[in-house]
Amino acid sequence: MGALRCVVGPESVRMLELGHPWIIADAYTKKWPAGSAGDLVELVDASGRFLATALLDPGERIVARVLGGKGFRLGERWLAQRLEDALELRRSHVPLEETDAYRLVNGEGDGLPGITVDRYGDYLMVQLYCGGWRPHLPELTRVLAGALKPAGIYEKTRPRNTRELEAVSDTKRYGRLLAGAAAPPRLAVRENGLTFLVELERGLNTGLFLDQRANRGQLMARTAGKRVLNLFAYTGAFSVAAAAGGASRVTSVDASPTYTDWAKAHFEANRLNPKRHEFIVGDCMDTLAELARRQERFDIVLMDPPSFSTTSKSRFTTRGGTSDLVAASLPLLAEGGLLITSSNHQKVDVADYLKELRRGALQAGSTVRVISLAGQPEDFPYPVTFPEGRYLKYVVSVKGKT
């Protein structure tokens, strides 16, 4: 039986001709013949002209993802070639000295839209952002096991209500073993010569965001003798990098006591005495106010908040919340000090993000000059036809004299 023929509208035709891999649900997709997640469909325009073969995910906002041309077949041979291409890119272009935790497959950037595969030491972690891949997961698992011979392969599921679950999901198991042997509850991995402890089963995330690896490495070179404030510290990866770089004192702030304890464990894993540094469990805005009352001063203030977070007292979102954070942080930053701000919010582009920084600086009556603007590292590639793939903003600014 051949693939379903699905007519797409003029806007989708235009995006496909520009090389974009997504079909967004609209009035045209509502008229598509019934199909199941994982089916291959032939996308055609109103005249019946073939455009692409795509993976169906009915009922979702992204209703189909482009995989190939006419006559495309999805199987282990094709998956193996895509994986080999991804591995070759990393062998050729990704600096991984003293690092065994990084991204092996970055979805659309590696021709596997809706899939990521991360390496954590001897283990692999698969995440599916498209239900259409679910029926093909056994094939993908066999290809990964055959090509890479990992100790084990895990899948970490992404529930729909991720935002609401983030604050209460520290111990719930969202990871499951697909193949091989189980990993220890906390698995030690290496990044830039540092040791981090990740959890492949518990929690929505593993405890280490791999897309900040290069930025953490650069931070290490800036912190010798500096006083560092890390807001939304999570499990303290940036804090460890700062301390390992020779910071005189690192103050880490996070609303979660579980993450704060994890951060202390990260310090100990790197033979850094957590008692020489400060860990504060609390809302970041409340903590900034308290630090201001204490007349604390820092040489570096870093903030890498989630796109959305809620505590008992406040709610943070990238739009609007960033400017308030910047305004509250700048009075604590010494003149000539570094303000490091980061966001992974895909829907906020660089220009809009810089406007948030501008609003915060003006509100604080300070001047800041951007000296570095970075994104995700080389193992997070994205096609130029897929601007959504360039999501990470990491801005290093210098506070001027008032």
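This is a predicted model: local features need pLDDT of at least 70, side-chain atom pairs count only at pLDDT 80 or more; totals for chains, interfaces and linings use all residues.

Let me begin with β4, residues 50-56. Of its 7 residues, 5 are buried, so β4 is largely enclosed by the rest of the structure. On one side, 5 bridges join β4 to β3, residues 40-44, and the two run antiparallel. Within that pairing, Val41 stands opposite Ala54. The two strands form a hairpin with 5 residues between them, and Gly48 in the turn has a positive phi of about 90°.

β4 also pairs with β5, residues 62-68, through 4 bridges, again antiparallel. Here the bridge partner of Leu55 is Arg65 in β5. This is a hairpin too, with 5 residues between the strands; Gly59 in its turn has a positive phi of about 85°.

Now the sheet. Seven strands is the count, the sheet is open, and the order is β15-β14-β13-β16-β19-β21-β20 with mixed pairing. Which strands stand at the edges? They are β15, residues 278-281, and β20, residues 368-374; each has a single partner strand, so one side of each is left without a neighbour in the sheet. From one strand to the next, the twist averages 15°.

At the β20 end, 6 bridges join β20 to β21, and these strands run antiparallel. Ala374 has Tyr394 in β21 as its bridge partner. As for helices, α7 packs on the sheet, where it touches β14 and β15, and its direction makes about 165° with that of β15. Helix α8, residues 284-293, lies across β13, β14, β15 and β16, running at about 150° to β13.

On to the cores. The largest nonpolar core has 39 residues, and those touching the most other members are Tyr120, Val189, Leu200, Leu208, Leu219, Ile340 and Tyr394. Elements that give two or more residues to this core include β8, β16, β19 and β21, along with α7. Which element gives the most? That is α6, with 6 residues.

Helix α6 is mostly covered, with 7 of its 8 residues buried; Phe238, Ala241 and Ala242 are among them. After the helix comes Gly246, with a positive phi near 105°.

Take Leu219 as an example of the packing. Leaving aside neighbours within four places in sequence, Leu219 is in contact with Phe238, Ala241, Ala242, Leu302, Ile340 and Tyr394. Apart from this core lies another, of 25 residues, and Leu55 is one of its members, as are Leu79, Tyr102 and Leu104.

Conventions
Residues are numbered from 1 along each chain as its sequence is written. Side-chain values use heavy atoms; hydrogens and water are left out. Buried means under 20% relative accessible area, exposed over 50%, partly exposed in between (1.4 Å probe, protein chains only). Two strands pair if DSSP finds at least two bridges between them. A nonpolar core is a set of buried Ala, Val, Leu, Ile, Met, Phe, Trp, Tyr and Cys residues joined through side-chain atoms within 4.5 Å. Contact means heavy atoms within 4.5 Å. Axes are lines fitted to C-alpha atoms, for helices over the stretch in contact, and angles run from 0 to 180 degrees between N-to-C directions.
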